[in-house]
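The structure is shown below.

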Amino acid sequence: MQTIRELFEEISSNRRRWSYYSNPNISIRGVWEDSDGDAALNFIKRYFSLANKSGVFRDKQLCRKESYIKARSNHIISTFLLGIKIAESFNIDCDIRSDEGFNFKYYWFLSCLYHDIGYAYEKNRRERQLSMIRVDGLDALQQICDIEYLDDRVFQSLTREQVDIYLKGRATSRCGYHAVVDHGIVGGLLIYDRLRKQYEESWKNRTNTSDERTSFYVYTEDGRRLHLSDRHYDAYAYVADAIIRHNVFNDTLKIYMNELQPCDGYFFDRKISIVSNVIGFVLGIADTIEPSKRGTKYIDEVKIEELQSEPGIRLLVTDKIYNKLYCNIDSLSDWLCVNVKVTAKDGEMIIEIKN
């Protein structure tokens, strides 16, 4: 077994494992060590810029409240690297490309590196905004976040109505939670909207003015020629859906649906599976077990390995660390299609997560 730190060092030293691009002019080595989040956030922005998608960060609120994002940036980078190991351990082919040329690593960097950006809104909650959301839900959020493209194709794992109810519920103090603007829903809707706006900006800067809007090329900042197509909207929506879904918990949604819109038997009970939403599946596991969000020292105190007999991972921690980090790990199977087995042995806890 290896510690989480050793895993990060191993993956970061091999660009082919973590990068969608063949020869990116950036390095992720040691970024997770950053104490104030500057290096981590800078890497995230540079990676999006490399993909000609820097527009996803052009948001007044994100710029004004960047400190909230910095506070999550080390966790974001750690989750990103950990997700690569999880994908490999569950036999996900990270390199096979779709007809549009996208693979797991493309979807993963977009979704994971953006999944907590919505904290700029959640941590900066304002009563006026919360009041608007409690009444008008997604319509209010569209106004608050300057969202132009609120596309129904984003609502895949959840219906638009379910997301609307969850958003309203989170904006109200209930179920033991403070009223907040849910960062997962905000992040998912923001990335789809900003990618669509980036697409329109790229169209204005296309290499050939005779190209059709549905398919054209642009040059990136480093001189690469990049193809864009309106068929990429589905990729943007897929990423947005994964970000939204990673922060919606089934039991909480059931409570909100009963309180806000009573309807006998109308519950969302479908779990995320590796088949139905591979990005959401990996994000759900990685975000749950990533230890540095509770303290950077824990990357030296958690060990990980791939299961040999079947797809899955094994974690090894002391019982003291288990109680600090993973005492509720069993709840992972409440919303993901996984089996979680915890075994105590000689003062250590062995956690196995598999299909």
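## Nonpolar core

In this predicted model, the largest nonpolar core holds 124 residues, of which Y47, F109 and I285 touch the most other members. Such a core is a set of buried Ala, Val, Leu, Ile, Met, Phe, Trp, Tyr and Cys residues joined through side-chain atoms within 4.5 Å. Helix 12 (residues 233-245) supplies the largest share of this core, 10 residues. Helices (H or I, at least four residues) and strands (E, at least two) are DSSP runs numbered from the N terminus.

Beyond its neighbours within four places in sequence, I285 is in contact (heavy atoms within 4.5 Å) with I86, F90, I313, L332, L336, V338 and I353.

## Helix 8 and helix 10

The axes of helix 8 (residues 127-136) and helix 10 (residues 160-170) come within 8 Å and cross at roughly 145°. Axes are lines fitted to C-alpha atoms over the stretch in contact, with angles from 0 to 180 degrees between N-to-C directions. Helix 8 contributes I133, R134, V135 and D136 to the contact, and helix 10 contributes D164, L167 and K168.

## Residue S229

S229 lies in strand 3 (residues 225-229). Apart from neighbours within four places in sequence, S229 is in contact with E100, Y199, T214 and S215.

## Basis of the values

Residues are numbered from 1 along each chain as its sequence is written, and side-chain values use heavy atoms, with hydrogens and water left out. Local features need pLDDT of at least 70 and side-chain atom pairs count only at pLDDT 80 or more, whereas totals for chains, interfaces and linings use all residues.

Conventions
Buried means under 20% relative accessible area, exposed over 50%, partly exposed in between (1.4 Å probe, protein chains only).
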